[in-house]
2 protein chains.
Amino acid sequence: MYYFDNAATTFPKPDRVYDKVYEAMKEYAANPGRSGHKMALKANREVYDARVLISKFFHIEDCFNLIFTPNCTTALNMAIQGTLKEGDHVITTSMEHNSVLRPIKHLELLGVENTIVYADENGSISTDSIKKAIRTNTKMIAMTHVSNLTGTIMPIEEVGELAKSKGILFLVDASQSAGVIPIDVNKTNIDFLAFPGHKGLLGPQGTGGLFIRDGLRTDTIIQGGTGSESYSIYQPEIMPDKFESGTLNMPGIVGLKEGLNYILETGIENIRKKEEELSKFFIEELRKIEVVKIYGPTDIKQRVGVVPINIMDMDSSEISYILDDRYDIYVRPGLHCSPLAHETIGTMEQGAVRFSFGPFNTEEEVEYLIRAIFEITKQI
Amino acid sequence: MYYFDNAATTFPKPDRVYDKVYEAMKEYAANPGRSGHKMALKANREVYDARVLISKFFHIEDCFNLIFTPNCTTALNMAIQGTLKEGDHVITTSMEHNSVLRPIKHLELLGVENTIVYADENGSISTDSIKKAIRTNTKMIAMTHVSNLTGTIMPIEEVGELAKSKGILFLVDASQSAGVIPIDVNKTNIDFLAFPGHKGLLGPQGTGGLFIRDGLRTDTIIQGGTGSESYSIYQPEIMPDKFESGTLNMPGIVGLKEGLNYILETGIENIRKKEEELSKFFIEELRKIEVVKIYGPTDIKQRVGVVPINIMDMDSSEISYILDDRYDIYVRPGLHCSPLAHETIGTMEQGAVRFSFGPFNTEEEVEYLIRAIFEITKQI
């Protein structure tokens, strides 16, 4: 089995992630933050440790400004829907995933305006085009750090600077970058950082989080029991409880911590370097095959290990099917929940075959992949 | 270690639950419903099987009317916030958890009226009192099946009948009943059934679900990628995708299925019978201790294995602390996220010490517990 679908979810995870989830379930899976007995305190402590570790990783000063969510989509919804009100304007980009676009289009119905800034054909967004879209009522710029289609790295430092200078809130979707590219919420002037746990951070599915900068007036979109202010039938304002109603996925969060520990021990720069090498090798070899079209930036430094291709005008699903069926190679075809990104690069009809590398892919696997693609192109 | 905090989360789970989660993570944790390769299809198939099994368990005809959520709180928010609009009226009860009360109180700000019907001192709600609260604009009755404080079983069949006859939507919070008392959404005229995965259903934390009756006009409160209609920047209407944006907690859902399989093989009636016997034994023995006050219905048939007590006017946290520290007995003191329920039974100041039994508690453990309580009462 050859897994190149790491942009959807990384697989495998380090063994210690599986072991830690198992241990958490079996040994101390009480309800964290609810009761006061030893096992509940242990569960709570483990969640706290995860909060501290992830906060440090993103340079978040107060770990209580980091909330856990079941996935990145929920984190993005919380930031977008909890912050934008009638009369506000939000700027986003054509390279966004539907987890950003759909909440924003939903808010149109409630009187929140939006501008979608289009990228160039490599999926690159210019800070200047965002600047031009700013209006007097612009409350937020919401953009991805890295395109989930083309792997393009966006100029979030520049945009963060721009947002700060204009007093506009800056939301970054780190779905494809968290755990792959270092992120500093302060240096980059990020007000909201949404991330999944199960992609680059190597945690299990069912995890994610959102950093909310101190002092922002963001409402929670979900209310309920928090284990705090239990005398009150109104949602507490204290962090992180305000945004963490209901029982957390404690074993998942503990597994996420372990995924991050693996990254810290391996070195994020080594993970990035390896993915860069694999992408470079893959792209260079594919360039030799005439009928293959590769999308995204040509400069390897401007992209991560996410590479979409097409073979002539073949349907992307058909190629994926052949890769799966004949070669046991797993990739993702179609539109990747990013319709405007496909519109941007001109693949709305055909879709694209997306290859995404993870920290456990090897050069041998990529060689096998290249041979498979070569064979397919020979047979058509 | 003696664990009597099963109303917060059941512990332990059957070993097969842990094993299944581990297996899912290690062997087929691709992104379900996204890619089309073998491993993604396997992940998707496992989620589908869980959907079918849980649907059958609750007599839900079309399994696509069952959506997975990260916990019961999110399910309740989806039903309440997704359905009630300005000008609507909702009836709820004083025995609700804050996961019902807080969303309803939040909706007050948006012009949704509410009436909170109070229970008697045993935590019992009369259908008649709900009937009297009905107004011309009453859209929903939202109530718990079983109180998480007193263990009182509510007359949901009667209320379901009433709701149906008046054309009012009926939302049942099955947090304390799912997996303990059989539930038939059709016989009971339930329009929304919200349940956690990690309590009576013996699944891992990070799981839950919501049944939404076919044809109801409920909006989703979270939008995003669904793996369907990916060409569109608007949320799809198809079920269950409409309500399942973002990556699901696939390993958790697979574990939940395994918890339910354990229940089906053991027989829900046997689980219920055992918890009834333990509660009966516990309550009868405690009644012999003069300084102990037991709350909830006296008739054991009217309650589940959730028993709150107080010892004279001692603070509930102090008793819990002694039980934990000296006896290694784990329970939950305080207000249990149910302030109005405590107000109802008169324990708002003192809180209560809640003992809740699970399928793996034994008579020997309960004997040990009773001896511990007896000793504590002798020492004060």
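At 25% relative accessibility, Asp328(B) counts as partly exposed. In this predicted model, Asp328(B) forms a salt bridge with Lys38(A), and the closest N and O atoms are 2.9 Å apart. The pair crosses between chains: Lys38(A) belongs to helix α2 (residues 38-57) of chain A, while Asp328(B) sits in the loop between α9 (316-327) and β11 (329-330) of chain B. Lys38(A) is also partly exposed, with a relative accessible area of 39%.

**The interface**

Six salt bridges are counted between chain B and chain A. Polar contacts between these chains involve 42 residue pairs, with both residues at pLDDT 80 or more. On the side of chain B that touches chain A, at least two residues each come from α1 (15-28), α2 (38-57), α3 (72-83), α4 (98-108), α7 (250-266) and α10 (339-345). The largest share, nine residues, is supplied by α1(B). By residue type, this side of chain B divides into 33 nonpolar, 30 polar and 14 charged residues.

In total, 77 residues of chain B are in contact with 78 residues of chain A. The area buried between the chains is about 6,100 Å², and carbon and sulfur atoms give 57% of that area. Arg102(B), Gln205(B) and Ile233(B) supply 13% of the area that chain B buries against chain A, more than any other three residues.

The same surface serves both copies, since 100% of the contact residues of chain B recur in chain A.

**Salt bridges**

Over all chains the count comes to 46 salt bridges.

| Pair | Closest N and O atoms |
|---|---|
| Lys38(A) and Asp328(B) | 2.9 Å |
| Lys301(A) and Glu276(A) | 2.7 Å |
| Lys132(B) and Asp128(B) | 3.4 Å |

Lys301(A) is exposed, with a relative accessible area of 53%, whereas Glu276(A) is buried at 14%.

Lys132(B) and Asp128(B) are both in helix α5 (residues 127-133) of chain B; because they are four residues apart, about one helical turn separates them. Lys132(B) is exposed at 68% relative accessibility, and Asp128(B) is partly exposed at 45%.

Arg16(A), Glu258(A) and Glu265(A) are linked in a network of salt bridges.

Methods:
Residues are numbered from 1 along each chain as its sequence is written. Chains are lettered from A and ligands numbered from 1 in the order in which they are written. This is a predicted model: local features need pLDDT of at least 70, side-chain atom pairs count only at pLDDT 80 or more; totals for chains, interfaces and linings use all residues. Side-chain values use heavy atoms; hydrogens and water are left out. Contact means heavy atoms within 4.5 Å. Buried area is the accessible area (1.4 Å probe) that two parts lose on being put together, summed over both. A salt bridge is a side-chain nitrogen of Lys or Arg within 4 Å of a carboxyl oxygen of Asp or Glu. A polar contact is a pair of N or O atoms within 3.5 Å; within protein, one must be able to donate a hydrogen and the other to accept it, and residues adjacent in sequence count only if both atoms are side-chain atoms. Ala, Val, Leu, Ile, Met, Phe, Trp, Tyr, Cys and Pro count as nonpolar, Asp, Glu, Lys and Arg as charged, and the others, Gly among them, as polar. Buried means under 20% relative accessible area, exposed over 50%, partly exposed in between (1.4 Å probe, protein chains only).
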